[in-house]
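Look at the sequence and the model together. The paragraphs below go from the sheet to a few of its residues.

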Amino acid sequence: MTNEELKQAMFYQRPVIYTDASTGDKIRAKCVSAIRYTFDRKKNLVVQAEIVEEKNGRTLILVNPKQLEYAPLTVREVEI
């Protein structure tokens with residue numbers, strides 16, 4: 001996701017899918033709950049997305065936004 005898509009996903013609470021780069025595993029998340037801006041050891045700006053895992057709704061995961069994409073909307077989500 002681009003920074004603009006990330007902001008839109010958070011603002012509209014859209015479900016997203018995270019794809020783990022090393023394993024290819026996919027995790028569906030309820031939403032992006034926060035966008036974090038931090039610095040790495042070399043003082044480069046790092047953007048991270050905080051997502052809420054959909055299975056239990058309590059697990060927060062920090063991920064690289066480039067590994068996120070919009071999840072397909074379900075019928076219930078479209079009605080809302």
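Two strands pair if DSSP finds at least two bridges between them; the strands (E, at least two residues) and helices (H or I, at least four) are themselves DSSP runs, numbered from the N terminus. This is a predicted model, in which local features need pLDDT of at least 70 and side-chain atom pairs count only at pLDDT 80 or more, while totals for chains, interfaces and linings use all residues. Residues are numbered from 1 along each chain as its sequence is written, and side-chain values use heavy atoms, with hydrogens and water left out.

Five strands form an open sheet in the order E4-E3-E2-E1-E5, with antiparallel pairing. Its edge strands, each pairing on one side only, are E4 (60-63) and E5 (68-70). E1 and E5 pair in the antiparallel sense over three bridges, and Val16 has Tyr70 in E5 as its bridge partner. Helix H1 (residues 3-11) packs on the sheet and touches E1, E2 (26-39), E3 (45-53) and E5, where touching, or contact, means heavy atoms within 4.5 Å.

Strand E1 covers residues 16-19 and includes Thr19. Beyond its neighbours within four places in sequence, Thr19 is in contact with Gly24, Asp25, Lys26, Gln67 and Glu69. The side chains of Thr19 and Lys26 make a polar contact (3.2 Å). Such a contact is a pair of N or O atoms within 3.5 Å; within protein, one must be able to donate a hydrogen and the other to accept it, and residues adjacent in sequence count only if both atoms are side-chain atoms.

Ser22 is in the loop between E1 and E2. The side chain of Ser22 makes a polar contact with the side chain of Asp20 (2.7 Å).

Methods
Axes are lines fitted to C-alpha atoms, for helices over the stretch in contact, and angles run from 0 to 180 degrees between N-to-C directions.
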